[in-house]
Amino acid sequence: VTPSANLKFQTYGYLSSCFGRDNVAIYHKKTGCTHPIMVANIDALDEAPSYHFHHINMVIIDEFHHAVAKSYRRHNERLWDRAYWKFGLTATNFTNGDEESIFLEAVLHREIYSITPIEAINKGYIVPVQTFMYRMANEGIEDSKVYHTAFKRFISENEKRNSKIIDVANE
């Protein structure tokens, strides 16, 4: 279970490469769970019939820190209640207080493995963060009133900016 459609497709692609496309599918409420491994984003489960999940024995929640949301607790009670195994994965291993911790524990009981960023760097699991700052001309940004439009134009689809990122990463 992922928090977004983008992560759903990334997860589907990765799991398909590991287990084969015959074993992995994206969940749809009309067809149900048709393969041994099903990938769904949390919003796709809102209208899912509970009988689709009666035979599910494991649920893996990606970006588990999002499970503080009511939808995760609702799906845990309604859809995942028969799952023997439930795992939550997150690189954000902290909450904004006791209330959020209680909400996470309502979905999963306890933490079974944790590693600090420093330990992960020392073990070679991740690389240290390096920050680079470059001034980029963004003519017209003052006129952008809609966040999503501005983000698309000046960040995600800005060819000059993205080429610079690639060049710096390759150095």
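A: The account below begins with the basis of the model, then turns to the loop and its surroundings.

The model is predicted, so local features need pLDDT of at least 70 and side-chain atom pairs count only at pLDDT 80 or more, while totals for chains, interfaces and linings use all residues. Residues are numbered from 1 along each chain as its sequence is written, and side-chain values use heavy atoms, with hydrogens and water left out.

Val 39 belongs to strand E2; helices (H or I, at least four residues) and strands (E, at least two) are DSSP runs, numbered from the N terminus. Val 39 has a relative accessible area of 2% and is therefore buried. Buried means under 20% relative accessible area, exposed over 50%, and partly exposed in between, with a 1.4 Å probe and protein chains only. Leaving out residues up to four places away in sequence, Val 39 touches Lys 8, Thr 11, Tyr 12, Leu 15, Val 24, Ala 25, Ile 26 and Tyr 27, where contact means heavy atoms within 4.5 Å. The C-alpha atoms of Val 39 and His 28 are separated by 9.3 Å, the two residues being 11 apart along the chain.

Asn 41 is found in the loop between E2 and E3. Asn 41 is also buried, at a relative accessible area of 9%. Its side chain is joined to that of Lys 8 by a polar contact of 3.4 Å. Such a contact is a pair of N or O atoms within 3.5 Å; within protein, one must be able to donate a hydrogen and the other to accept it, and residues adjacent in sequence count only if both atoms are side-chain atoms. Apart from neighbours within four places in sequence, Asn 41 is in contact with Thr 2, Ser 4, Ala 5 and Lys 8.

Charged residues come next. Side chains of opposite charge can pair when their charged atoms come close. The structure holds two salt bridges, each defined as a side-chain nitrogen of Lys or Arg within 4 Å of a carboxyl oxygen of Asp or Glu. In one, the side chains of Arg 74 and Asp 46 meet at 3.3 Å, N to O. Arg 74 lies in helix H2 (residues 70–78) and Asp 46 in the loop between E2 and E3, so this pair ties together parts that are 28 residues apart in sequence. Arg 74 is partly exposed at 40% relative accessibility, and Asp 46 is partly exposed at 37%.

In the other salt bridge, Lys 29 meets Glu 47 at 2.6 Å, N to O. Because Lys 29 lies in the loop between strand E1 (24–26) and strand E2 (37–39) and Glu 47 in the loop between E2 and E3, the pair ties together parts that are 18 residues apart in sequence. Lys 29 counts as partly exposed, at 35% relative accessibility, whereas Glu 47 is exposed, with a relative accessible area of 59%.

A nonpolar core is a set of buried Ala, Val, Leu, Ile, Met, Phe, Trp, Tyr and Cys residues joined through side-chain atoms within 4.5 Å. The largest one has 19 residues, of which Val 1, Tyr 27, Leu 45, Phe 53, Val 59, Tyr 72 and Trp 80 touch the most other members. Not counting residues up to four places away in sequence, the contacts of Val 1 include Ala 40, Ile 42, Leu 45 and Val 59.
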